Amino acid sequence: MPQQVTQSPTPNSIPSLLMKERELSWQVATNLLISFKYAWAGIIYSFQTQRNFRIHVSVCVLAIALSIFLHLPSVEIAIIGITSGLVLVMELLNTAIESVVDLTVKQSYHELAKVAKDCAAGAVLVSAMVAVLVAAILILPPLVVVIRSAL
Ligand SMILES: Nc1ncnc2c1ncn2[C@@H]1O[C@H](COP(=O)(O)OP(=O)(O)OP(=O)(O)O)[C@@H](O)[C@H]1O
């Protein structure tokens, strides 16, 4: 049976290919402000629908507030900010992957849908464990000192 060979795109044809990809989009943000609006809508959607996202936002705010209250060095506050922020990013990606999987398989069971959702949830878990470990190492010692001096 003759095999169908797809030619790889030449550098000149790449811009027109990209245009075609964008044609598939139902709506395209026409400027930066509108892009921000859609990004914000995604964050609000996750906050309103995902309990875990709300928990992670609260813990993230608490960790940064505590590190400011304890007068941690700015590098340590930045590290806590990065690790906590990473958890929120993972949660947003997890929500995006869950939505795409549900859109694809609807309410039917599929082994690959399970793999995709479990791996996305695993990514959130790994980032959350790293964030807790980093926060515990940086926040706990000065927090214990403050609590002891208050007693
Ligand atoms: N269509 C599906 N096919 C196979 N397994 C699925 C499917 N949908 C969900 N699952 C399984 O059920 C689990 C929970 O799915 P769900 O969509 O509720 O995600 P979740 O991990 O609970 O989301 P959250 O991150 O909000 O807690 C998935 O991790 C997966 O193991």
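Reader: How are axes and angles defined here?
Author: Axes are lines fitted to C-alpha atoms, for helices over the stretch in contact. Angles between N-to-C directions run from 0 to 180 degrees.

Reader: What kind of model is this?
Author: Residues are numbered from 1 along each chain as its sequence is written. Local features need pLDDT of at least 70, side-chain atom pairs count only at pLDDT 80 or more, totals for chains, interfaces and linings use all residues, and the model is predicted.

Reader: How many helices and strands does the chain have?
Author: Helices (H or I, at least four residues) and strands (E, at least two) are DSSP runs, numbered from the N terminus. From that end the elements run α-α-α-α-α. The count is 5 helices and 0 strands.

Reader: Is α2 roughly parallel or roughly perpendicular to α4?
Author: The axes of helix α2 (residues 32–49) and α4 come within 10 Å and cross at roughly 85 degrees. Angles under 35 degrees count as roughly parallel, over 145 as roughly antiparallel, 65 to 115 as roughly perpendicular and the rest as oblique. Therefore α2 is, relative to α4, roughly perpendicular.

Reader: Which residues in α4 does α2 meet?
Author: Contact needs C-beta atoms, placed from the backbone, within 7 Å. From α2 come G42, I43 and S46; their partners in α4 are E91, L92 and T95.

Reader: How do α4 and α5 run relative to each other?
Author: Helix α4 covers residues 74–105 and helix α5 residues 111–150. Their axes come within 9 Å and cross at roughly 170 degrees. The two helices are therefore roughly antiparallel.

Reader: How do the residues of the contact of α4 with α5 divide?
Author: Ala, Val, Leu, Ile, Met, Phe, Trp, Tyr, Cys and Pro count as nonpolar, Asp, Glu, Lys and Arg as charged, and the others, Gly among them, as polar. The contact of α4 with α5 has 21 nonpolar, 4 polar and 4 charged residues.

Reader: Which helix gives the most to the shell around the ligand?
Author: The residues around the ligand include N94, E98, H110 and K114. A residue is near if its C-beta atom, placed from the backbone, lies within 6 Å. Both α4 and α5 supply at least two residues of the shell. With 5 residues, the top contributor is α5.

Reader: What share of residues 121–147 is helix?
Author: An unreviewed UniProt entry annotates 28–47 and 121–147 as "transmembrane region". UniProt positions follow the numbering used here, feature names are shortened, and annotations may be inferred rather than shown by experiment. The end C-alpha atoms of residues 121–147 lie 35 Å apart, and the helix share of that span is 100%.

Terms used:
Contact = placed C-beta atoms within 7 Å.
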